Amino acid sequence: MMTHRVAAVDCGTNSLRLLVADVDLGRARLTDVARRMEIVRLGQGVDQNGRLAPDALDRTIGVLCDYADVIASSAARAVRMVATSATRDASNSAEFTYRVKEVLGIAPEVLTGAEEAMLSFTGATAELAARRDGGPFLVVDIGGGSTEFVLGAAAIAGVPAGPADHAGRAISVNIGCVRMTERHLHGDPPDSRQVADAIADIDAALGVVSDAVPVRQARTLIGLAGSVTTVAGIAMGLPAYDPGRIHHARVSAADVHEVTQTLLAQTRVVRAAIGVMHPGRVDVIGGGALVLDRIMKRFGFGEVLVSEHDILDGIAWSLARDGCE
């Protein structure tokens with residue numbers, strides 16, 4: 001009676017992802033039924049234009065139609081869709097909301113940066129609670145448009161600490177992989193001036209993070225999302241993307257830096273041939289890797305614990321928990 005089948009959809013700046021899962025609150029266990037990811041680049045041009053592009057909307061809704069079929073056939077008892085950085089920033093987000101509701105029957109929740117951060121933290125740390133070590137954790141979710149930072153103890157059975165426990169411990173800043181690429185990394189490969197400009201942008205944002213969150217209290221850095229997992233797969237020398245091997249791998253700061261420098265020096269053609277590289281990440285992976293590299297350098301982390309569990313899992317936990325209330 002404690003198991004709930006739920007469906008979570010996360011629409012970010014770069015990707016649209018689906019998780020159908022069976023959540024057992026009694027055992028604090030989340031079991032995948034289906035996990036899907038497609039690069040739709042909803043945030044294409046939002047940083048410059050402030051609007052969701054028509055072709056980006058069409059790509060996203062097309063994939064969402066496929067996800068709706070998966071959800072319908074799964075017998076999920078509850079569905080929740082969230083939208084993040086690109087939708088927050090777009091002046092025509094109402095059009096996106098209307099089209100999503102036509103497909104899913106529910107409107108997407110446009111999360112604040114703080115809400116996005118807390119769901120990511122819950123998804124990344126729920127399974128770490130039983131270990132009783134490694135905390136406090138700094139969870140860093142490097143998305144397409146923004147990066148979220150949350151400091152805290154592991155969530156227990158998908159239930160994060162109360163708002164008072166996280167006051168001043170979560171922040172979202174606009175340094176995602178797509179945003180950094182569109183703003184600065186235009187060359188193929190980018191030249192040294194472009195990289196320097198990106199570093200200056202990232203470092204300025206990390207200064208804001210440092211002022212808002214006591215990041216140096218963290219014992220463990222947990223990295224989430226495709227930029228982090230791709231860097232990990234490259235550092236591990238994997239011939240193809242393998243989430244089972246990447247999940248909870250530990251990657252040193254030296255390896256992150258080496259992979260980042262290599263990616264920034266490569267052409268798109270060379271990056272596309274990397275075995276773990278998703279085609280939709282080829283043009284933005286350098287920006288995402290650079291964000292991770294600068295975080296580790298700025299805050300003195302010697303390694304990053306890589307997690308395949310993130311905001312999607314946090315949404316699933318929230319649905320199961322709400323179903324018991």
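**View 1. Gly45 sits in the loop between β3 and α1.** Helices (H or I, at least four residues) and strands (E, at least two) are DSSP runs, numbered from the N terminus. The model is predicted: local features need pLDDT of at least 70 and side-chain atom pairs count only at pLDDT 80 or more, while totals for chains, interfaces and linings use all residues. Residues are numbered from 1 along each chain as its sequence is written, and side-chain values use heavy atoms, with hydrogens and water left out. Gly45 counts as buried because its relative accessibility is 13%; buried means under 20% relative accessible area, exposed over 50%, and partly exposed in between (1.4 Å probe, protein chains only). Apart from neighbours within four places in sequence, Gly45 is in contact with Gly50 and Glu182, where contact means heavy atoms within 4.5 Å. Between the C-alpha atoms of Gly45 and Val215, 170 residues apart along the chain, the separation is 31 Å.

**View 2. Arg41 and Ala225 have positive phi although neither is a glycine.** For Arg41, phi is about 50°. Arg41 belongs to the loop between β3 (29-39) and α1 (46-49), and it counts as buried at 15% relative accessibility. For Ala225, phi is about 85°. Ala225 belongs to the loop between β9 (220-224) and α8 (226-235), and it counts as buried at 18% relative accessibility.

**View 3. The peptide bond between Asp188 and Pro189 is cis.** Its omega is about 0°. Pro189 is part of the loop between α6 (177-183) and α7 (192-212).

**View 4. Helix α12 covers residues 285-299.** The expected span of a helix is 1.5 Å times one less than its number of residues. For the 15 residues of α12 this gives 21 Å, which agrees with the 21 Å between its end C-alpha atoms. Of these 15 residues, 13 are buried, so the helix is mostly covered. Just after α12, Gly300 takes a positive phi of about 75°.

**View 5. Cys65 and Cys177 are shown with Cys11, which holds the closest cysteine sulfur to each.** A disulfide is taken as a pair of cysteine sulfur atoms within 2.5 Å, and a search of the whole structure finds 0 of them. The sulfur of Cys65 is 13 Å from that of Cys11, too far for a bond. For Cys177 the distance to the sulfur of Cys11 is 14 Å, again too far for a bond. Cys65 is partly exposed, with a relative accessible area of 35%, whereas Cys177 is buried at 2%.

**View 6. The largest pocket holds about 720 Å³ of space.** On a 1 Å grid over the protein atoms alone, a pocket is an open set of points where a 1.4 Å probe fits, with protein on both sides within 12 Å along at least five of seven lines; lining residues have an atom within 4 Å of a point. Grid points are joined across faces, edges and corners, and the volume is the space filled by probe spheres set on the points. The lining has 39 residues, of which Arg17, Met37, Gly226, Arg281 and Asp310 lie nearest the centre. Helix α8 gives the most to this lining, with 4 residues.

**View 7. Confidence is given as pLDDT, from 0 to 100 for each residue.** The chain averages 88, and 92% of the residues score at least 70. Over residues 156-168 the pLDDT is below 50, and this stretch has 22 contacts in the model beyond near neighbours in sequence.

Terms used: pLDDT is the predictor's confidence in each residue, from 0 to 100.
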